[in-house]
Amino acid sequence: MNLKQLYQQIQNNALANFYVVIGDEDILIQRAKQAFKAIIKSDDREMNFSQFDLSQQDLSEVIDDAMSLPFFGDRRVILIQNPEFLTAKGKISETNQDQLSKLIESPVADNVVVFLINDLKIDKRKKITKQVLKHAEQIELAALNESAAKQAITQQLQQQNYTMSPDALQELVVRTNAQYTVMVNELPKLLAYAVYDKKITLDAVNALVPKTLTANVFDLVDAVMTKKIKQALIIYRALLQNGEAALRVNAVLTGQFRLLIQVAGLKGSDQEISQQLGGIHPYRIKLARKMLGKYNLPALRTGYLGMILIESKLKSTNQDPEMLFERFILQYV
């Protein structure tokens with residue numbers, strides 16, 4: 001099910017006892033959490049609404065809470081973050097597993113228990129995971145593709161009587177790497193900037209929205225591959241000056257070269273290739289395919305190996321990152 005279906009269940013008072021929220025679109029997950037929280041009246045939340053983080057709290061606390069009747073209210077809602085016991089490496093004691101198993105089979109009628117799996121890699125072979133998935137409603141909040149993200153942003157702006165020019169919207173997509181959550185987070189300053197005429201322009205996006213690291217790395221790889229030495233060095237130095245760690249920049253660069261090589265050897269739609277590569281955002285696949293039209297595979301492999309060599313030196317020596325990158329690009333060109 002999706003968010004719209006969840007809202008309908010809440011409106012119709014047709015809630016299940018258990019839910020599993022799966023996805024990696026943070027803004028949608030936050031909306032799901034708010035929807036569950038809103039089930040409980042604000043005056044009753046202190047007693048009938050609980051949030052647990054199992055990276056810091058014990059599962060036994062969750063079970064105790066989920067077994068308790070609502071306190072002078074119609075319902076109790078329990079949100080569970082980081083349920084790592086559902087993953088291959090996560091541990092659960094025999095006592096907790098027995099108690100949770102009994103709770104799942106015989107839930108407290110008015111309680112709603114929500115497992116916020118998000119992007120955890122759960123182990124569907126585990127007995128307790130199978131049991132949770134069998135009895136829970138699954139809410140899937142996959143990352144929005146470029147088209148859906150654009151549409152959602154446009155609708156959100158229209159609801160507030162704002163407009164955004166097509167070129168401004170496209171630049172917002174480029175600068176945020178089509179990540180819907182990032183796009184939404186950038187809206188408040190754009191809305192404030194255009195508060196008088198309610199028209200968001202390309203100039204506003206260029207002035208106010210910084211490029212994500214991934215978007216910058218796309219530009220950096222393109223500069224390297226098209227032998228634009230000066231531009232490549234400017235982008236690289238700017239990333240370091242803006243606080244990005246050299247190892248992180250190098251890791252993302254390595255990942256981008258690897259992605260280009262992988263996409264070059266695969267066939268199918270952007271969505272199909274995305275799934276083959278473990279859920280990489282389809283927009284990155286789209287950009288990679290576009291970039292591949294002007295690159296050759298041997299050069300990409302040389303760039304990839306160069307990034308691996310820089311990573312090795314960054315980890316094993318005290319050499320200056322800028323010097324290592326400059327040496328690489330001069331040798332590469």
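Student: What conventions apply to the numbering and to the confidence of the model?
Tutor: Residues are numbered from 1 along each chain as its sequence is written, and side-chain values use heavy atoms, with hydrogens and water left out. Because the model is predicted, local features need pLDDT of at least 70 and side-chain atom pairs count only at pLDDT 80 or more, while totals for chains, interfaces and linings use all residues.

Student: How many helices and strands does the protein chain have, and what percentage of its residues count as buried?
Tutor: Helices (H or I, at least four residues) and strands (E, at least two) are DSSP runs numbered from the N terminus, and on that basis the protein chain has 17 helices and seven strands. Its C-alpha atoms fill a box of roughly 70 × 55 × 40 Å along the principal axes. Buried means under 20% relative accessible area, exposed over 50% and partly exposed in between, with a 1.4 Å probe and protein chains only. Of the 333 residues, the share that counts as buried is 46%.

Student: Which residue of strand 5 stands opposite Gly 23?
Tutor: Strand 1, residues 18-23, runs parallel to strand 5 and is joined to it by five bridges. Five bridges also pair strand 1 with strand 4 in the parallel sense, and there Tyr 19 has Val 114 as its bridge partner. In strand 5, the residue opposite Gly 23 is Leu 141.

Student: What is the bridge partner of Ser 50 in strand 3?
Tutor: Strand 2 and strand 3 run parallel and are joined by five bridges. Strand 2 is mostly covered, with four of its five residues buried. The partner of Ser 50 in strand 3 is Ile 78.

Student: Against which elements do the buried residues of helix 6 pack?
Tutor: In helix 6 (residues 127-135), the buried residues are Ile 128, Thr 129, Gln 131, Val 132 and Leu 133. Contact here means heavy atoms within 4.5 Å. The elements that these buried residues pack against are strand 1, helix 5 (94-105), strand 4 and strand 5.

Student: At what angle do the axes of helix 12 and helix 13 cross, and which residues make the contact?
Tutor: The axes of helix 12 (residues 229-241) and helix 13 (residues 246-264) come within 9 Å and cross at roughly 135°. That makes helix 12 oblique to helix 13, since angles under 35 degrees count as roughly parallel, over 145 as roughly antiparallel, 65 to 115 as roughly perpendicular and the rest as oblique. The contact is made by Tyr 236, Leu 239 and Leu 240 of helix 12 and Ala 246, Val 249 and Leu 253 of helix 13.

Student: Is Glu 171 buried or exposed?
Tutor: Glu 171 has its place in helix 8 (residues 166-176). Leaving aside residues up to four places away in sequence, Glu 171 touches Leu 202, Val 205 and Asn 206. With a relative accessibility of 19%, Glu 171 counts as buried.

Student: What is the phi of Asn 13, and what is that of Lys 198?
Tutor: Most residues other than glycine have a negative phi, and most peptide bonds are trans. Asn 13 is found in the loop between helix 1 (3-11) and strand 1 and is exposed, with a relative accessible area of 54%. Lys 198 lies in the loop between helix 9 (180-193) and strand 7 (199-200) and counts as partly exposed at 31% relative accessibility. Although neither is a glycine, phi is positive in both, at about 55° for Asn 13 and about 60° for Lys 198.

Notes
Two strands pair if DSSP finds at least two bridges between them. Axes are lines fitted to C-alpha atoms, for helices over the stretch in contact, and angles run from 0 to 180 degrees between N-to-C directions.
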